[in-house]
Every structure is written in C-alpha cells, then in structure tokens.
Amino acid sequence: MRRIAPLRPLLAAAVAAAVAVAVPEAVVAQSGRGTAAVAPSARAAFVAPAWAFPVTLPTPPDPYPSADSTHRHQVPGSALRFTQQQAYDRHAPVDWFPASHPAPPSIVMHGRRPDIWACGFCHLPDGAGRPENAMLAGLPEAYIVAQVRAFRDGTRLSANPAVNTTSMHRLAKLYTDDEVAQAAAYFARLVPARRNRIVESDSLPRHRIAGLLYARDGSGRVANRGQLIEMPEDLGRHELHDPSVPYVTYVPRGSIARGRRLATEGPTGVATACVTCHGPDLLGVGVIPPIAGRSPQYLLRQLISIRTGARADAGALPMQAVVAGLSLDDMVAVAAYVGSLAPARGRATP
Ligand code: HEC
Ligand code: HEC
C-alpha cells in the first residue's frame with residue numbers, strides 16, 4: 001500500500017518548515033478569500049489567468065436542456081446503450097461499465113430528489129471525474145470528507161470568482177455528513193486510471209469553451225503562448241459521460257522536463273519538492289492526496305487557487321510555501337508532468 005513509514009521524519013520536517021513559512025500569507029489570504037486580490041506586499045503580483053478556468057458566461061439557467069431521448073448511443077468497450085437525455089439525468093447517472101467498480105451507495109447513484117444531485121453525475125460512478133470537476137477514485141477517505149467540509153464552509157473556493165458558486169459549493173451545503181461519509185468510503189477504495197495524453201507543442205488545435213471545459217473548434221491551429229489546455233478527444237463521448245473517453249492536454253515545449261525538476265528538486269529546495277510530501281511516485285502519503293495521473297487542468301486550477309488564497313482550508317497550509325515559489329509557467333510545467341504519471345501502481349499510462 002502507501003509507503004508511509006520510511007518517509008515520516010523527512011515529511012514531518014518538511015511540513016513544519018512549510019507551515020512556518022506559510023502562516024503570514026494564509027492570514028492575508030483569509031481576508032482576500034475568493035478573489036485573486038491579495039496584499040501586494042505579501043505576494044509577488046500573481047494574476048490568475050482566465051484561460052485556466054474555462055466557463056461559459058452568463059451561466060445558462062439549465063446547462064442540460066432537453067436532450068434527445070430517442071437515439072440510443074454506444075461507447076467503445078460497453079455493450080450498454082443510453083440516450084443523451086439519460087446521460088444528463090442528475091439522479092440516475094449513466095454507468096457504462098458497471099462491472100468496473102463495486103455497487104455505489106445511493107448518494108453516488110441517486111443523490112436526493114428534488115435538487116440534491118448524485119455525486120456520480122459529475123464525478124462519474126467509477127470516480128474517474130472530468131477535467132471540470134475532479135477525479136475522486138483513490139483519494140484518501142479522510143481527505144474527501146475534509147474537502148467537502150471545506151467547500152461547505154467556504155474555505156475552499158476557486159481563484160475565478162465566476163466559478164465559486166458552482167455546483168460543488170452549493171451541493172456541499174446540502175449533503176448530510178452521513179452521505180459524505182458513505183461517498184468518501186466508496187470513492188477511496190476505487191483504483192484510478194489515467195485518461196490523459198500530454199502533447200508538448202508550440203501550437204494547439206483551435207478551441208472554444210464548451211460549458212466548463214475546452215473543445216476543438218474546426219480544424220485550424222493557434223499558437224500556444226504558455227497555456228495548458230485540456231480537451232476531450234471526442235466531445236460527444238464526454239457529453240455521454242463515458243469515463244474512458246481520452247483527453248489530450250497541450251502544453252509548451254519543455255514542460256515535462258521542467259515539471260520533473262520541480263517535482264523532484266522543489267521550486268525552492270527539497271522541503272518544497274512535490275515528492276517530499278506526496279511520496280516518491282506522487283501517489284500520496286497518508287492523508288496527503290495522490291496527485292499523479294490526475295487531470296492536468298484540474299491540478300493547475302488547484303495550484304493557482306492555492307496561490308491566490310482562494311483555496312485556504314487549513315489542510316492546504318503546507319502547500320502555501322510550495323506555490324509561493326512557482327511562477328505560472330512552473331505551475332503549467334509541473335501540472336503537465338504530474339498528470340503524465342501513472343495514477344496507481346501497476347496502471348499503464350496511455
Ligand atoms: C454538479 C457537479 C458535482 C456533484 C454532483 C458533486 N461534485 Fe464534487 N466537485 C465538483 C467540482 C466542479 C469540483 C472541482 C472544484 C474545484 O476545481 O476546486 C469538485 C470537487 C470535489 C472534491 C475535491 C477533490 C480533490 O481532489 O480535492 C471532492 C472531494 C468532491 N468533489 C466530492 C464530492 C462528493 C463526495 C459528492 C457527492 C456527495 C460530490 N462531490 C458531488 C462538482 C460536483
Ligand atoms: C510540505 C508538504 C507538501 C509539498 C512539498 C507539496 N505538497 Fe501538494 N499538498 C500537500 C497537502 C498537505 C495537500 C492537501 C491540501 C488540503 O488538504 O487541502 C496538498 C495538495 C495538493 C494539491 C491539491 C490536490 C487535490 O486533489 O486537489 C495539488 C495539486 C498539489 N498538492 C500539488 C503539489 C505539487 C505540484 C507540489 C510540488 C511542486 C506539491 N504539491 C508539494 C502538501 C505538500
């Protein structure tokens with residue numbers, strides 16, 4: 001299982017050092033929470049880039065308008081068939097691969113009518129998640145519980161205020177502790193798979209915002225000026241909530257090598273190296289979450305939100321010293337590298 005014992009002394013020292021450095025910043029962050037605005041004296045100017053938080057504004061009143069309920073679609077590898085309208089059912093998420101996971105608890109597959117949505121609608125029944133939300137499979141149980149609490153009490157927000165009020169924040173206030181505990185126990189024992197391919201290039205396909213993510217737009221290409229852009233290879237399969245649809249993440253050339261250096265050597269020395277706390281393979285240590293093989297867009301969003309102080313729950317304090325040493329280009333690089341790794345032991349990477 002997780003390699004906790006050999007790392008402990010180093011980890012304890014690193015966490016202590018990081019917390020000590022982080023405290024003044026975190027205090028500043030409390031007052032500026034939810035916005036990118038923090039006291040300039042406490043933080044070098046850091047502006048959360050809008051492109052890292054794709055969102056269609058104004059948010060449509062119903063993002064899932066009446067969809068086709070007659071054509072029954074298929075996805076590769078599954079014998080099942082579902083309509084687009086079924087894929088948009090917030091109380092009965094489509095489960096394309098029911099044999100790939102144990103039976104989920106009711107809150108994951110049904111939520112509570114009328115307006116408390118099933119976790120599996122967004123995070124998918126197998127916990128694979130999507131770039132616009134989060135992969136939950138294999139996260140530590142206590143970490144899942146703590147994060148839902150942080151969404152609930154408003155200590156975990158997003159650096160882009162436009163997405164602060166989205167679903168997870170609204171729902172976190174409505175789920176009971178018991179429902180969250182059941183969901184956490186379920187998702188924690190699932191084994192994640194990586195669905196991302198990372199492409200280093202000076203250019204990327206022309207793209208547009210489709211809800212809370214990017215999608216290809218036509219056939220041309222545009223220059224990549226320091227961005228990390230993740231897109232489904234097939235928007236149709238993404239919309240059908242197919243957990244095995246491949247995603248591709250475009251990053252500038254040299255990102256993976258730069259990210260590897262940051263992960264292993266740290267932006268400001270070994271106390272801030274990702275491997276020091278997240279473990280040698282970045283698969284997590286105890287309650288510190290695994291980060292390997294998760295959506296690079298998700299990872300980048302978190303680094304930015306921690307850096308601006310929008311994500312300022314107590315658990316994230318050790319990360320403050322880490323992100324303080326990262327430029328935006330560093331964050332792009334490290335998110336790409338971390339996302340390129342296997343998310344679990346023995347899981348092949350695409
Ligand atoms: C309507 C969509 C939606 C539903 C339903 C939903 N979530 Fe989320 N969840 C999100 C989004 C969006 C995020 C990412 C927020 C961010 O970027 O910080 C998220 C993030 C999370 C995270 C943070 C993961 C991490 O790695 O830190 C946890 C834990 C989580 N959700 C648990 C749950 C649980 C448990 C349920 C059901 C009881 C649930 N969510 C239902 C949308 C949803
Ligand atoms: C001093 C210890 C420490 C170091 C070093 C560290 N982390 Fe973390 N990291 C944490 C802790 C603890 C959390 C959990 C935060 C929480 O509970 O909210 C975390 C959370 C994260 C998250 C959010 C995960 C999620 O599921 O939302 C990301 C992304 C992350 N770290 C990336 C990195 C990267 C990249 C590096 C290296 C550049 C790094 N961390 C170095 C301790 C550390």
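1. Strand β2 (residues 203-210) and strand β3 run antiparallel and are joined by seven bridges. Two strands are said to pair if DSSP finds at least two bridges between them. Helices (H or I, at least four residues) and strands (E, at least two) are DSSP runs, numbered from the N terminus. Within this pair, Ser 203 has Ala 223 in β3 as its bridge partner. The hairpin of β2 and β3 has two residues between the strands, and Gly 211 takes a positive phi there, near 75 degrees.

2. The model is predicted: local features need pLDDT of at least 70 and side-chain atom pairs count only at pLDDT 80 or more, while totals for chains, interfaces and linings use all residues. Residues are numbered from 1 along each chain as its sequence is written, and chains are lettered from A and ligands numbered from 1 in the order in which they are written.

3. An open sheet is formed by three strands in the order β1-β5-β4, with mixed pairing. Its edge strands, β1 (196-200) and β4, each pair on one side only. From one strand to the next, the twist averages 25 degrees; axes are lines fitted to C-alpha atoms, and angles run from 0 to 180 degrees between N-to-C directions. Strands β4 and β5 run antiparallel and are joined by four bridges. Ile 229 has Tyr 250 as its bridge partner in β5.

4. The largest nonpolar core has 48 residues, of which Leu 300, Leu 303, Val 334, Ala 335 and Val 338 touch the most other members. Such a core is a set of buried Ala, Val, Leu, Ile, Met, Phe, Trp, Tyr and Cys residues joined through C-beta atoms within 7 Å; a residue is buried if 20 or more other C-beta atoms, placed from the backbone, lie within 10 Å of its own. Helix α13 gives the most to this core, with eight residues.

5. Apart from this core lies another, of 24 residues, including Ala 128 and Tyr 175.

6. Around ligand 1 there are 25 residues, and Cys 119, Cys 122, Asn 133, Ser 167 and Met 168 come nearest. A residue is near a molecule if its C-beta atom, placed from the backbone, lies within 6 Å of it. Helix α4 supplies the largest share of this shell, four residues. By class, the shell has 16 nonpolar, six polar and three charged residues; Ala, Val, Leu, Ile, Met, Phe, Trp, Tyr, Cys and Pro count as nonpolar, Asp, Glu, Lys and Arg as charged, and the others as polar.

Terms used: Buried ≥ 20, exposed ≤ 12 C-beta atoms within 10 Å, placed from the backbone.
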